[in-house]
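Please examine the structure shown below together with its sequence.

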Amino acid sequence: MEKNIVRHSYNVARNDRRRANGHNSLLIFFTGLSGSGKSTIANALEQYLHEKNVKTYTLDGDNIRHGINKDLTFSPEDRSENNRRIGEIANLFVDAGVVVLAAFVAPYKKDRELIKKAVGAENYIEVFVNTSLEVCEQRDVKGLYAKARKGEIKNMTGISAPYEAPEQPDAEVTEKYSIEESVTIIYHKIENHLRLKK
């Protein structure tokens, strides 16, 4: 099948789109336990970037699983496929000249590395939202931890499935920071990456 697939060459390229938008495109990948605050911080950062006229789009675990990945379970194999698809989607947005903010548990290091490879290391910023399991359980905004403790949910990251924490994330925020402080920390890390090379 693959031998019959030929990549078409288009006249408008990634750098053309970046120049039109006035900034580089990249993937800001938020990883952490369920309830850590990934989506909340990504939302706040996107609003901050939007106010600076940066073209953005946010991918979120729940939203992706309502659509393109609704056929996947939470088994280790399907989690990996979920993240593979996320990497490919993010790469399309980066190619379109957009800053992508992606908020996913992505518990396995190998899967995060595949996402990084899909978009290119130079276009990948990893943000570890390092909120303790205790705080995530206290929040339990979706009621998932309570169900997992009762055995109603299998393969719950942090309870019955592992979470491999990033060893060298580009940015790390914890529950000790406010949302505003977290946004500032992350923005300082991406600010230079947003600038177009002259």
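Is Ser80 buried or exposed? Ser80 is buried, with a relative accessible area of 16%; buried means under 20% relative accessible area, exposed over 50%, and partly exposed in between, with a 1.4 Å probe and protein chains only. Ser80 belongs to helix H4. Helices (H or I, at least four residues) and strands (E, at least two) are DSSP runs, numbered from the N terminus. Apart from neighbours within four places in sequence, Ser80 is in contact with Tyr108, Lys110 and Asp111, where contact means heavy atoms within 4.5 Å.

This is a predicted model, in which local features need pLDDT of at least 70 and side-chain atom pairs count only at pLDDT 80 or more, while totals for chains, interfaces and linings use all residues. Residues are numbered from 1 along each chain as its sequence is written, and side-chain values use heavy atoms, with hydrogens and water left out.

## The nonpolar cores

A nonpolar core is a set of buried Ala, Val, Leu, Ile, Met, Phe, Trp, Tyr and Cys residues joined through side-chain atoms within 4.5 Å. The largest such core has 21 residues, of which Ile28, Phe30, Leu45, Leu49 and Ile186 touch the most other members. At least two residues of this core come from each of strand E1 (27–31), helix H2 (38–51), strand E3 (99–103), strand E4 (124–130), strand E5 (171–174) and helix H8 (179–194). The most is given by H8, with five residues. Leu45 touches Ile28, Phe30, Leu101, Val183, Ile186 and Tyr187, not counting residues up to four places away in sequence. A second, separate core has 15 residues, including Ile86, Ala90, Ile115 and Val119.

## Helix packing

Two packed helices are described by the angle between their axes and the distance between the axes. Here the axes are lines fitted to C-alpha atoms, for helices over the stretch in contact, and angles run from 0 to 180 degrees between N-to-C directions.

| Helix pair | Angle | Distance between axes |
|---|---|---|
| H4 (residues 76–95) and H5 (residues 109–119) | about 20 degrees | 8 Å |
| H2 and H8 | about 55 degrees | 10 Å |
| H1 (residues 14–21) and H4 | about 65 degrees | 8 Å |

Angles under 35 degrees count as roughly parallel, over 145 as roughly antiparallel, 65 to 115 as roughly perpendicular and the rest as oblique. H4 and H5 are therefore roughly parallel to each other, whereas H2 and H8 are oblique to each other.

The crossing of H4 and H5 is right-handed. A crossing is left-handed if the near helix is turned anticlockwise from the far one by less than a right angle, and right-handed if clockwise. On the H4 side the contact is made by Arg79, Ser80, Asn83, Gly87, Glu88, Ala90 and Asn91, and on the H5 side by Lys110, Asp111, Ile115, Ala118 and Val119. By class, this contact has four nonpolar, four polar and four charged residues. In this classification, Ala, Val, Leu, Ile, Met, Phe, Trp, Tyr, Cys and Pro count as nonpolar, Asp, Glu, Lys and Arg as charged, and the others, Gly among them, as polar.

H2 also passes H8 in a right-handed crossing. Thr40, Ile41, Ala44, Leu45, Tyr48 and Leu49 of H2 meet Ile179, Ser182, Val183, Ile186, Tyr187, Ile190 and Leu194 of H8. The contact of H2 with H8 has 11 nonpolar, two polar and no charged residues.

The contact of H1 with H4 has one nonpolar, one polar and four charged residues.

## Individual residues

Most residues other than glycine have a negative phi. Asn53, although not a glycine, has a positive phi of about 65 degrees. Asn53 is located in the loop between H2 and strand E2 (56–60), and counts as exposed at 59% relative accessibility. Ala106 also has a positive phi, near 40 degrees. Ala106 lies in the loop between E3 and H5 and is buried, with a relative accessible area of 3%.

Val99, in strand E3, counts as buried at 0% relative accessibility. Among the residues that Val99 touches are His23, Leu26, Ile28, Leu49 and Leu194. Glu172, in strand E5, is partly exposed, with a relative accessible area of 37%. Leaving aside neighbours within four places in sequence, Glu172 is in contact with Phe128, Asn130, Tyr177 and Ile185.
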